[in-house]
Every structure is written in structure tokens, then in C-alpha cells.
6 protein chains.
Amino acid sequence: MENLKAEDSLKSPRFNGIKTFMRMQNSRELENVDFAIVGIPFDTGASYRVGTRFGPTAIREMSCLAAKPYNPVLNVDIFGACNGVDYGDVSNIPGYIEESFDLIQADMQKIFKAGVIPVAMGGDHSVTLPELRACATVHGPVALIHFDAHYDTIPEYFGKPYNHGTPFHHAAIEGLVETSSSIHIGIREGLYSSADAKHSEELGYQCIPAHIMHEMKNSEVIEAIKKRVGDKKAFLTFDIDFLDPAYAPGTGTPVPGGFSTADALAIIRGLKDLNIVGYDIVEVSQPYDHAQITSIAAAGIMQEFLSHIAYRKMIEKNS
Amino acid sequence: MENLKAEDSLKSPRFNGIKTFMRMQNSRELENVDFAIVGIPFDTGASYRVGTRFGPTAIREMSCLAAKPYNPVLNVDIFGACNGVDYGDVSNIPGYIEESFDLIQADMQKIFKAGVIPVAMGGDHSVTLPELRACATVHGPVALIHFDAHYDTIPEYFGKPYNHGTPFHHAAIEGLVETSSSIHIGIREGLYSSADAKHSEELGYQCIPAHIMHEMKNSEVIEAIKKRVGDKKAFLTFDIDFLDPAYAPGTGTPVPGGFSTADALAIIRGLKDLNIVGYDIVEVSQPYDHAQITSIAAAGIMQEFLSHIAYRKMIEKNS
Amino acid sequence: MENLKAEDSLKSPRFNGIKTFMRMQNSRELENVDFAIVGIPFDTGASYRVGTRFGPTAIREMSCLAAKPYNPVLNVDIFGACNGVDYGDVSNIPGYIEESFDLIQADMQKIFKAGVIPVAMGGDHSVTLPELRACATVHGPVALIHFDAHYDTIPEYFGKPYNHGTPFHHAAIEGLVETSSSIHIGIREGLYSSADAKHSEELGYQCIPAHIMHEMKNSEVIEAIKKRVGDKKAFLTFDIDFLDPAYAPGTGTPVPGGFSTADALAIIRGLKDLNIVGYDIVEVSQPYDHAQITSIAAAGIMQEFLSHIAYRKMIEKNS
Amino acid sequence: MENLKAEDSLKSPRFNGIKTFMRMQNSRELENVDFAIVGIPFDTGASYRVGTRFGPTAIREMSCLAAKPYNPVLNVDIFGACNGVDYGDVSNIPGYIEESFDLIQADMQKIFKAGVIPVAMGGDHSVTLPELRACATVHGPVALIHFDAHYDTIPEYFGKPYNHGTPFHHAAIEGLVETSSSIHIGIREGLYSSADAKHSEELGYQCIPAHIMHEMKNSEVIEAIKKRVGDKKAFLTFDIDFLDPAYAPGTGTPVPGGFSTADALAIIRGLKDLNIVGYDIVEVSQPYDHAQITSIAAAGIMQEFLSHIAYRKMIEKNS
Amino acid sequence: MENLKAEDSLKSPRFNGIKTFMRMQNSRELENVDFAIVGIPFDTGASYRVGTRFGPTAIREMSCLAAKPYNPVLNVDIFGACNGVDYGDVSNIPGYIEESFDLIQADMQKIFKAGVIPVAMGGDHSVTLPELRACATVHGPVALIHFDAHYDTIPEYFGKPYNHGTPFHHAAIEGLVETSSSIHIGIREGLYSSADAKHSEELGYQCIPAHIMHEMKNSEVIEAIKKRVGDKKAFLTFDIDFLDPAYAPGTGTPVPGGFSTADALAIIRGLKDLNIVGYDIVEVSQPYDHAQITSIAAAGIMQEFLSHIAYRKMIEKNS
Amino acid sequence: MENLKAEDSLKSPRFNGIKTFMRMQNSRELENVDFAIVGIPFDTGASYRVGTRFGPTAIREMSCLAAKPYNPVLNVDIFGACNGVDYGDVSNIPGYIEESFDLIQADMQKIFKAGVIPVAMGGDHSVTLPELRACATVHGPVALIHFDAHYDTIPEYFGKPYNHGTPFHHAAIEGLVETSSSIHIGIREGLYSSADAKHSEELGYQCIPAHIMHEMKNSEVIEAIKKRVGDKKAFLTFDIDFLDPAYAPGTGTPVPGGFSTADALAIIRGLKDLNIVGYDIVEVSQPYDHAQITSIAAAGIMQEFLSHIAYRKMIEKNS
């Protein structure tokens, strides 16, 4: 499979055409591919506002504006350094969580097995659990780099194990992540009780809560993450509500007091040398996203993910 | 239980106070009560847009503006003729359909058993199935008066029995409704195949599709419904997408070519003499409801439901 | 004062320039002028949603799109047949009703005294009372042609005489209108009690309620109004909530079951021969007016008012 | 080329996947194809509001909800009766009208030449001129069936020949349409002068203006169109502002007093037997389209276009 | 009065039920109560955008998402440490400022007299004057901690003493606040003249204007406030326009160049040891609050107020 | 020409009246005038979202709220220190770039020639080219102070020289700016290739990219600009997308990772001593500007521009 170039926006206007991510080719071919954009339009796990099922469509549309191939800060040309496809969306059954988890896992597993790095777009945060299940079958337990306003480590809600508040409890219990190398970044939700934070700790996760992080420099946050993860294989999951509602209004459970997109971009950029085998960005909810600013932020963050992959590919080629 | 008057809006502004339906009392007491407003904020059954879980809150808020106690067309004073409460919302577990159906049925059953007429607010249309299950335990199979753009008689979606496109297949199969007295009004959805319409017919339902109804007078529609239902106990279910998207933008699966709110009000008003034992209005989706016009329409329609109840109570008293 | 032509939209794009009504000249000169557009950005009289203080600005902006000088149905060229100005906005003090009424009356009186026909834009419906006070000083009691979803004849709210639900009680009591020639058109609000409708009747007003009007042809409505008003001097007041919320979402107290803009335009057009000495359009609320459709409807209706004036001027010239 | 079926929405949720029209295949292959959906995201010709460059994307997204393959009124199964593709968007250069016209014409010509019926989505109404230029090279002058609030027959604007108010002047002058068989339906714009309407007449067009059409039955309108067009080859162009702003807020130059979507659907359906060789729908402007109701209406109307094609194909097969 | 626990959101979804603040009990009982949430839906004092009359409803709705009982930064469990009620809304008469002030004062006085700490939600900022009048009757003159973009110390507007730009002139003049212990924080409005700032100074207030505060650390701001207030009884009033319009678009008179919600939360948290006897948050305007981000920010800030109260209660118990 | 005072907002509410910038007089008289506000409602040069043709109207409306005459930080009274007018909008032909450039240049030239400092409001960024052409005829080549997320130095798009991504290539090539004294501030767009940044450098521009600027203090940025510009005549152009999309959602090509309005205000304020002969602010797009926050930010920034002019006038008078 050659010549997987995206369409040239200096020749055809960026608003033209069927909306794939960054105008890339829509293909399920995985051979010779370095990364695959994949949508997971599933929001049955949402506990408050819904609508993240339209997240992948919303992000794809704005990626045509927001995401361009050359990253001047890292000096990488994404499509020059590597091949990527827009894999489309994975299957799921709205209203049926466990069946959908199986379908999501099956599709993600194909991607991981092909040696391709998935860059997934939720959907609500519950989808990261089947992603990690798929990931573990290929890579074993991974370090989790988790940007979020919430721990998402509650064992159960309303007597049920699965929703978007519980994935990292189950990921730990199921042995999908190595919690001793894993870290939550930006947590600031109010809690139901002091036990909530303690439970995450007991599972083995480290946490940089927002009120402390607001006093740190971005470079210190980067160092803390790098130190925690080391050279372990890692999975980076980015809940868009890490950002303040001003920057990401279009999300399901916004929490005031968050971070700017500039902070997010700088921190992610600083993680380019880590050995990240999978990425996702979740909780972008189109119906609440006036002027599409949340989708634009998400597309910008995903461009940094792709820049990571291209950067490491370039390093690899040059070494 | 006496003196269940709603707050007086000539003394306290209508935007004042905690938002119950029409500023009625929030109470679970059912003794001496004629009707109970009840919210069913459940949208896990939605196949496209979501957000009807915020329907009850949205309708309650606008009911304080839209719904006033005296109906000059029917010449009834709702709170003069009968007692009502805002029962609050029934329990449910977002993301878990069958468990939620059980919880919804349990709460609805209490209302039916107390001899109270429920006026329920969805939620997506899947909630009418557990409502009808509750209804049948008290009233046996009822005639269904079904305003909608969709048949909602598909047997299954994605291999699963329950979602908002399937309730009236199951209601028929489970014997909750007497299809030979039941009628769909306003159907106009495109179909997947000709079998879809046929299936509804095979279940025994009658149908007035939109393209025929647009050629009929409201009085003819009223007559057709009355003729079909006769003096059977009936359940009236109103999917807000019966209205054209211009009148009800805030809904999950809008279909162009629908009806005006004036038509809906006139037709419903014409059914005041029927023996209706339960009502619901479903599919009001707040995130898409600019300027709250869908909630306002829903509140206005519900005021007609309450006027029905008051009217029949008045007739009963006077006879 | 000559050459009061509006800017030519075939030469300069309609979105260009400071926004006056229909790109007319902004002037307080009233000599040689036939009509004056005048804004009354006052909404302290609103009982529910507010924001009509931005009505005049919103309507002016959209009038540049919606309102063009030649009316092909009546075959009149507005600026060919008469002179008009955009008088700007009248003074008022937000938060102080009675003081504002005095200021509004003073400005309106100047217009009436100059023999100019005012075409006012509210503001909430309370502003029609000081308009009528001004009108009466020049023209004596007039016939009221009142398009609305509400009677607006409540004597008092919360123990206070003035708000947007009370103007036509006071207008009758103060002798500003001749109720025996006056008529409400389109009323459909729910009421607090049966006394509400009766009070309007006792004041002497006639009423065509919505549920009856929906069964009438537009030509029958026109005939009923013309018969009621006869050749009396009349004041036409148009509350935008006469229209259904689908057509006029941007308003303070929307009532479902209303009329289309096409109906409104046809009926108004039919009144061109009446002796109307003043017009207003009220209750356009910008913050709720998505895609500006309410402002567009209002500007379209105002173009019919101007066409009336031009039509009668033309008749007068030719006779 | 076989098996051009769209994705099955009973197996995969309608919100899943890259958004092509009705989930059809995105392909530029025209062999064995009956119709081609084609986007023309060009709005440089707009004189007031802009944003129709996002029309094709907006309609594609909602077509996945709104448009289903079986049309129960005409009893046709679109994908059963014929083959179609989503051709994607044609080239254009934002900001450069004449160059874009050439690019649009070139792409459209390929479709017409392949014997395929194009169903185009604008873009502003200026794009119909290059479409008709392409059409004429294959089909010669055609009858124009033109639904709109505006004549669009102004010779020039600001001294320039091309914008969205001028296409049907040029189409007549260039001999692309046979005006003696052509008809405007629904016109209701205010005019700059009486000459505007006269100019359309002088070009040879017939017109059913809105104020007359509001007094006609849909069946009478259908008859008038059929009589005018006869068995000539025809091109149907539908400006979404034919609909009232309540039904189509998301458009560039909305005019109050328009028609309902139900009227539009019924009238179009009645034209199924005409010999229509090309269709377009224009002026859907995403930034103003709250709750996507304009896009939904547009997708519904396009489903009727496809039903036409399938209906005639079926007739042809059976004869 | 015992067991005033709010509903448990791990058992019943947060979007369920009638919307009281944080799902607390709606009650006017004040015995054994530590704090009372109270709405003041009054916006007749607004000089520009209106709509804050819907502030209490909007904040209550989002508090169910945003505000959770355990504050991990201060390590307090709000409902564990103290008892609270949602008192509902106080009476007022829209359109009548002075009468409304009397009604507001009367209700607030009951709360202060019962020894309960009110946490009020406006309404526009004019409501703080009657709150302070009530406060002074119980606590005498208090130190004012005033977060805002505006001084709100103008003596009169349009010749009238009361609106939302004047409360702290009157509070000083009436002796309700001890200006020598009082402080404005975050002021950045443009002024009508240099006299405006000088007048506040002459009244005795201290001020940290925005352009200086942007150069300070949050800890320095906290120290400045604590130093100014000392151990005086204080009233904290938070105008949501202290936040930048990006963080609080839903407000009446937004001023660019403001602060983030994270800054606000950190500074307020730092004031936990002050002797604050009353709190309010004002100027949340629902009609302008896309995606409800202003309401969410307000609810988050109010959770810090409740955490203050719980924290001091805990300290008190433990000492 | 004397007494060019704007209307007094303590006497007449700020929402009253025809909307000119800051309620100034609308006049084309330039004698005795220090600055002229001028709208350039042209967006044919936009490559993605459109709608900036409504920028001047949107900014004028919000300037009545946001911009007040006295700047307390610089201690200047704008209308006390100098005379200004709202010149209205310059001519242009939507859809025709080169013809519009000529019209824009002609109008701007009149202003520059009269010795008046223009403060222009776009429109898309392409309009700065004809502004600079006009400027050069009077002032010769100027230093460019360019706030933006984009370089805007691409030589051509789609084979065409002019659009909003190309003005500063042409300005350099045409000798309108002295690139050796010119500087881009805040650039952060992704690029099509590494050549893009290099091209700007080759033209002679200096650049402070966003990722570096986020590590600098505002005072350091100010120093860098002042050092680059020195005492050269300068033109300051501010693309609103310099701000993060959270602060300026209403723009055509938003880029995440930008700056706050507080940063922008502080940096601009720091440039007050530079010899700036012209200003513009561009790319405010009304259709995407929820709650008008972008217009408010733009009006606030423009108030700093006017404060510059007043400050320098005051210095000049006092020296």
C-alpha cells in the first residue's frame, strides 16, 4: 500500500469533500500503515449529558481545518514520515454496553495485531476499557497516561459495573494496565466521599490533581509523567474534560477549574519520546459544542498524537 | 389530601421557584389524586440523537410559562375540577435497558394501581413499553392512540429487542394493547422496505399516514380515531416528532413533512370524551431545543391532556 | 426635506453600513415625512422571558435583508409613494416603568403631532399604552386592531397596574381606545380563570380566538376586522407571539398553536384600506431568536405596514 | 459495477461511519450508475448571509437519519430499482466565481455525459448556472422547474454579472433553458422595483407567486407545473428558501411567508412522471441551521428526487 | 430537623428528579440548619443584557452535575459536616425595584435571624443591596469581599438610585458595610470618567484592579483580602463577570480581560478561615449561556462556599 | 467640526439607538478628526468559515456595552483627548476580490490622506492588503505589527494570488511594509510544509511563535516588539484568531492553543508609545459568535487602540 497521502489543501479547499480525518484515505487496509484513526461513536456509558456518539463525525469535520501535516514545533511532516488511514468507525450497538464492548474490542484488536498504532476518537470514556482489553492481548499490561477531570475508577454505578465513570477500576482489576507506572493528570471533580480518591490510590495509580498542577510548570508535569512511565509501553487516553469548560464546552460532564488547550498541547508535545502504543481522545459531545471549539481542540490534540508517531518514526529511521 | 392547588402566578412570577410541572406540588402521595405528572428521564433506547433524558426537566421549566389552569376552549378549570401532583421522576439506570424497564414499570404500576391517571414525560419512546406493561396489570389490554412520525413496530434493531423503534411490536406481541382498536396517526418516516408498513398491519394496527392525513380535515381525523377506539379503555402516546421539525426541533429522530402544533391541539381536544386511562409524551430532547419551543409545545399538549381529565371529571360530577 | 431615499441595494451590498431600518436615513426631522420608524427598546414590563430591549436593533439589522421597497402584491413602491425616516429609539429608563411611559409618550406625541404615522418597534407590549396615550392626544380614542396570543387586559399583576399583560385594560379604562370598534385576533393563551376572557368582553372588546380562527379563511378574518373597525381611525398593534413559536421563537411568552407568517401577511395586506393612524410590532426578543427568523418575520410584517401607508398615499394622490 | 448498496441501518447504527449521502458508496465511477449525488460547496455568489459551502457536509450528515431507501407513498425501493453513488464534491476556488463556474461545469459535464442523473447539493444558487451549462451540452435547452422565494433573474449586481441573484437571467440569455416551458414557483421576495418581475416575464418565464399559491391546492400547483413543462426534458432546481424560515432557517436570504416542507414534498412527489434529467437543491447554510432542521428538510426532499428516478426506472423496466 | 441529606447520585442518576440545588431538600424550615441556598430571580436592575431572572433555575440544574458533597482539596464532606436546605426563591415583583427590594430583604432577614448562612443566587447585582440591608439588621455593618469586573458604586443611573451598577454606593452610604475593611477584586471595566474610580475610593473601598491582579499570584491576592478583612464579619459577593467572558459568557455586562474559573476557585478556597456570614453569586444569565458553562462555573464556586461553611463547622466541632 | 462627543450612557441606556461604534457620530467628515472607525465587511477572501462580512455590525453593537471612554490603566479620556467619527463601511463587491480591493483602497486612502488614523474592522484578513496599499501612498512602507495564529504569507492559494492567507506575502513583495522592522506575534498554525515558515523568514519578517511566547512574560513580548519596530511608522493588524478559540469562537479559521484576551490587552497597552499610523482588527465572524463574546473582545481591543491614539495626543499636547 503506497502513496497514502491526504488531499492537498492548497489545491482543493479544506471544506471540500467527504469528511475523513485530515482528508486522509478511508480504508480498512492495515498493511504498511503506521497509524489508524478510528471512531468509536458509542455513548451508552454516559452518566449525565449524552451526544458523544457524534464525536467522531464532529472531529473529522473540524480536523480538515485544524490539523495540518507539518508540525513546526517538532519539525515533523506527518505524512512524509509515516502512513496513516482513516479506518472509519467500529461497530457497536447503542443501548447495549457489554455487547458493544465486545464489538469494539474485536475491531481494535485487528488494529493492534497489525502492528498499527490506533488513534481512537470516542464516544464516552467507557470505550477505553475495550480498547485496553484489545491492547493487552497484543502488548500485555501497559502504563496508562490519563488526562481527565475525573478518576474514572469507581467500581460500579447504580449497581452496574460499566459506564464512563468506571473503566480504570476494571482496567486495573483485569490487569490491563500496570498501575504502578500509571498516572492520572488534572483530576478536579468533586467527590462523593474521601473514599473515591483513596480507591484510585489503592488500585496503585498516581495522581496529579488540578489544584496542585495549577501551581506547577508544564515542564514539571512532563517530567513527572516521564518519570512515572519510564520506558514502559504506554497507552495515552485524553478525556476532553481535562480542559476547562471554556475550552471544551462540548462534553458530557464538564468540571470548572480546568486547563487551557495550550497547556494540553505543550504537555503532550513533551511526551513525544515515550513508547506509546495507542492513543484515544474521548467525551467530545457535538450537541453542546457551539462554534465547534471542542472539536477543533480535539483535532489539534490528535495532530500532536500523529506528530508523536511521526517523530518516533523519524528518529527510528535516522538511527 | 386536600388543597393541592398549584402556586398562583398572578401573585408570584411564573419564573419563581423550584420547577415542578405547572408549579404543582411535588408529592408521591396518591390518595385523593386524579392525575400524576411523572418524568421518565431515560434515553438509552435512542437510535440516533440522544438527550431526551433531559426532557422532563425541560418540559417542567416551560410548563410554568405555557400551561395555565383554565382551558377556555373546553371551559374547564383543571385544578378546580380535579387534584393532581407532580410525582417527580421514576427510577432508571442509564445504559441498562431491561433493568430500567423493570424500574419504570414498578413505579408506573403504583400509579395505575392507585386509580390515578399518569401523564408521563419521556425519555425516548422505548419507555412506553414498561408503561403499557404497568397499565395492563391494572386495566388489561388497552386501545393505543399513537401520534408519531414512525411506526415503532420494528421487531428488533441490531439483533436486540428493545429500543425506541420497537415498543409497539412488543406491546402487541405481549398482549398489552388491543391492536384491533389501536391506531397510528401521522406516520411519514421513510422505511427500510415495504415489509415495515406491512408488519404493523399484520400486528393489527390501523394507520393514518401523513400524506393522507394532510388531505383530511382535523375533524375527520378525530372521527377516525374515535371510531377506531370506541369506548375501550385507551392509552394515548404522543411522540413529539409527530410535529414537523419546525415545530419540534428538539427531538431525536425528526422527520420533515409533519404537522403543526395547532393541528395536534385541535385533534387531541377532539378526543376528550374517550376513556383514556394513561397518557405520555415522549422524545423531547433539550440539547436540540433552541428557544425551548419543543418544550413549550409539549407543555401545551400536556395541558390538553389535563383538560381531558378535568373535563371528564366535570362531566362525571354533573351526571 | 427632500430626497429621503434609502440606500440602493443593487449598488451597495445590503450588509454594508450602519443599520437603520431598510437603510433609510436616521433623522428626527418630521417635516414632509409620511411615516417614522421608531424603536422603543423597553422590556421592564415583561413577566417571563426578557430581551425585547434588543428588538429594535435586531429588526433593523434584518430589515436590510428582508424588506425591499417594492411590494408586488399591492403594486406599490414605498419610497416612490411617500417619505419616511428612521427616527431612532425613544428614551426610557430600564427598571422604571412609569417614568419610562412618560418619556415614551412624550416622544411619540411629537410624531403624532407632526401628522406623521409612527411605525414603532417594541420592546414588550406594555409600551403600547404610552403610545396610545400619545395617539389619543392627537386623534382621540381609536379603534384597536390587536393581533396577539394574549388578551393583555388583566387589570393588575402582583398588585401593580403596569406590565405587558395589562395595557388594554388601561387603554379602555383611560378612554384611549373605542372598544366597541376594537378587536383581538388570534388569542389562545391558557387563562388563570374564566373571568379573564369575560373581563375583556366587559371592557367592550370583540375577540376572534385562535381555535375558531383556525377554521376560518383569511378572507373571513379580514372581513370580520373590517366590519368591526369600519372607517374609524385605528391603531394596529401586532404582538409577534400571534405567530406560532415555530415562526417566532424569539419572543417573551410564546404560546403554541399559533399562526404562520404567511397568514399574518395576507390578513394585514387585506386591511390596507382602513384608516390606520399608527402601527407597532412588539415582543421580538433577540436572545431567543436563532437564525434571526423572528426579526425577519417582523421586518416583513413592517414592510406590509409601510405598503399600507404608501398604498393609501397613492390612492389619495390619484383621487 | 454491481452491488452499490448503501450500508444497512438495521445492522449498523445510522450515526456510524464516514458521512456519505444516505450511507452510499463514495465513488467517481459512473458506469452502470443511474444517479450521482454531488456536492458543490461554493458560496462566493452569496449576496447576504454566507455559509452554504458547508451545505453538502451538513446534508450528508443528516441524510443518514432522514433518508431511508423505501418510499411508501410512491411504493419504490430506491436502491432496489437503481444504482447510485455519492460522487463527492466538485472542484471550485472560493473567492473566484468565473474560474469556479468552469470547474463546476467540467465536473457536471462528466456526469451528464455518462448518462447519469445528477442530484446536486449547493452551495449558493449561482452554481445552477454552470450546472445548466453542463446540462445543455448534453441535453440542449431544458425546461426549468424552479422552486424559490426569489426570481433570480436580475441581470447584474453591483455591475457584475454573476452572483446568486442572476443565474436564470443568464440561463435564458445563453439559451440553456427553454423559458417558454419554464416556471418559477413560490416567489415572494420584495422587489427593488416593478421592473424586476417584468424582466422575468420578458425572458419568457411563467411564475406562480406565493400569495396566489397560498390560495391554491397542491394538486392545482402540480397540474400547473405539469402543463407548463409537458414532456420536455427538464431540470428541477430547489432553493431551500422556498420553505418558510420556520422550516428552513439555515439559508442565506430567508423570506417570510413561505411554504411548509409537507407542501414541498407533496408537490415534488406529484412531478414524478416528468422527464427530469437533473436536480439540485441549493442555499442550505449550516451556520444558521439550529438543530439541523434545514439539512433534514433538504435530505427529505432529495429522497423524493431519488424516488422519482427509481419510480421512472421501475416504470421503464415494467414497460 | 434531621437527616437533611441530599439524594445519592450513585443510586439515582444525577439528571433524575425535580431540580433543587445539589439535589438537597426544598424546605423553608430553618431550625438546625447551617446554610440555606436561596434564589433571587430578579433582573429589573440590569442596564444591558437581561435574563438573570433565570439564573437560579439554571444554576440549580447544573449543580446536580457540578457540585458533589466531598471537597478533596479542603478535605470536607459538606453534608457530613453540616445541614443545609434549598430554601427556594424569594418573592419579588418584576419591573418594580423598590417593592422587590423590600420583599427580598424580608425573606433574607428570616434566614439571617435564624442564624443560618444564606448562599444566595441572583438575579442581577442590585439584589445584593437588600441582602445587605437584611444582613445589617442581624450582624451590623460587615466587611464586603467583592469579586467583580465593575465597581458597582455609581450613585445613580438615568437619575435613579437603584440598578445593578449602584449597590455598593448605597451600601456604604446606608452604613451596611464597613468600607474600611472592604475590598473590590478584579475590577477592569472601562469607565465613564476618572471620577468613577475615585468615588469608590472616597467611599472607603480598597480595590485590586485586574491589570494589577494579573501580575499577582493567587496567594498574594488571598493575603491582600485576608489582611483587609481581618476577623471582621464579612459578606462575600461574587459577580460572575469577574470571570472572563470565555469562562462566563452567560452574563449581563461581560468585560474582556478577566480571570479563569481556576483562579476564582483557588482564591475563594484561600478565604476559608474568614468569618463570612453570607454569600451570594449574581449575574448568571441563562439565555446567553451556551452549553451551560456559566451555570457550571457558578455551581462550582458555590460548592466552595458550602465547603467554607463545612470547614469552619468542622474546625468549630474539633476545637 | 467640534463637539464630536459620543452619546452619554449615564443618561441614555447603552442599548438605545442606532448602533455606531461606541455611540459615536456617523460621519464622513474628516476635518479636525483624529481617528476614524471604519468597517470593511468583506469576506470573499475566506478559505474556510465565512461570515466576517457581519463583523463590523457585530462589533459596533457590542462596542456600546464593552467600550467606555475613560481608560483607567492609561489614565486617558478618549473623547476628552481627541475627536473621532464612525465613518461607516467602505464599499466592496461581494464575490469579486480585485475590484473590492480597489474600492477599499480608495476609501482608506481618503482617510490616510486627511491625516486621520483609521481603525478598521474586517472582514477577513485579505482586506489588510488594500489598507496597506492606501497607507503606503501616504506614509511609505511601514513596520507591520501582526498579531495572528497564521503567517498569512502564502504566495497563492488554488493558483490565485489573493485570499486571507496571502496578504503579507504581497505586502512585502509590493514594498508596502518594511519587513526588517516587522513582526508576527502568536503564530501557531499547523503548516503544509516546513517551507511555509521559511518563506516568511525569507521575506524578512521576524516571528514570535506561540509555543515560545507561552513561555515569555507579556513584558518580554512587548520589549521584543518595541525593539523590532523602533520609532518607525507602524501599522498594527490584529487577527482575532490570535486569541484562543475559547476567547474568540466567532472567527473563520480558529487554531487551538492561543492566548487570552487579558494577554492581548496587556501587550497592546504596552505598545502605546509606538508611532502607529493605522490599526485594524479582522476575522470576527458573527454567525459563530455565541453570546457575542468575540465581538466583545474585539471592541475591548479597539478601545485600547483608541486609548493609544488619545494617549499620544495627550503626550503631544503636554510637550
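# A tour of the chain interfaces

Keep in mind along the way that the model you have open is a predicted one.

**Stop 1: chains A and F.** Show these two chains together. The copies use different surfaces, since 10% of the contact residues of chain A recur in chain F.

**Stop 2: where A meets F.** Now colour the contact residues: 29 residues of chain A are in contact with 29 residues of chain F. Between them, about 2,500 Å² is buried, and carbon and sulfur atoms give 67% of this area. Next, pick out Leu10(A), Lys68(A) and Tyr70(A), which supply 24% of the area that chain A buries against chain F, more than any other three residues.

Which residue of chain F forms a salt bridge with Lys68(A)? Zoom in and you will find Glu189(F), with the closest N and O atoms 3.1 Å apart. The count between chain A and chain F is one salt bridge, and nine residue pairs are in polar contact across this interface (both at pLDDT 80 or more).

Switch to a cartoon view to see the elements involved. On the side of chain A that touches chain F, those giving two or more residues are α1 (55-66), α9 (261-269) and α10 (293-318) of chain A.

**Stop 3: chains C and D.** Move to another pair, where 29 residues of chain C are in contact with 29 residues of chain D. The area buried here is about 2,500 Å², with 67% from carbon and sulfur atoms. Select Leu10(C), Lys68(C) and Tyr70(C): they lose the most area to chain D, together 25% of what that side buries. Lys68(C) forms a salt bridge with Glu189(D), and their closest N and O atoms are 3.1 Å apart. In the cartoon, α10(C) provides the largest share of the side of chain C that touches chain D, five residues.

**Stop 4: chains that stay apart.** Finally, show chains A and C, which no contact joins; their closest C-alpha atoms lie 13 Å apart. Chain D and chain E do not touch either, and their nearest C-alpha atoms are 13 Å apart.

Definitions and conventions
Residues are numbered from 1 along each chain as its sequence is written. Chains are lettered from A and ligands numbered from 1 in the order in which they are written. This is a predicted model: local features need pLDDT of at least 70, side-chain atom pairs count only at pLDDT 80 or more; totals for chains, interfaces and linings use all residues. Side-chain values use heavy atoms; hydrogens and water are left out. Contact means heavy atoms within 4.5 Å. Buried area is the accessible area (1.4 Å probe) that two parts lose on being put together, summed over both. A salt bridge is a side-chain nitrogen of Lys or Arg within 4 Å of a carboxyl oxygen of Asp or Glu. Helices (H or I, at least four residues) and strands (E, at least two) are DSSP runs, numbered from the N terminus. A polar contact is a pair of N or O atoms within 3.5 Å; within protein, one must be able to donate a hydrogen and the other to accept it, and residues adjacent in sequence count only if both atoms are side-chain atoms.
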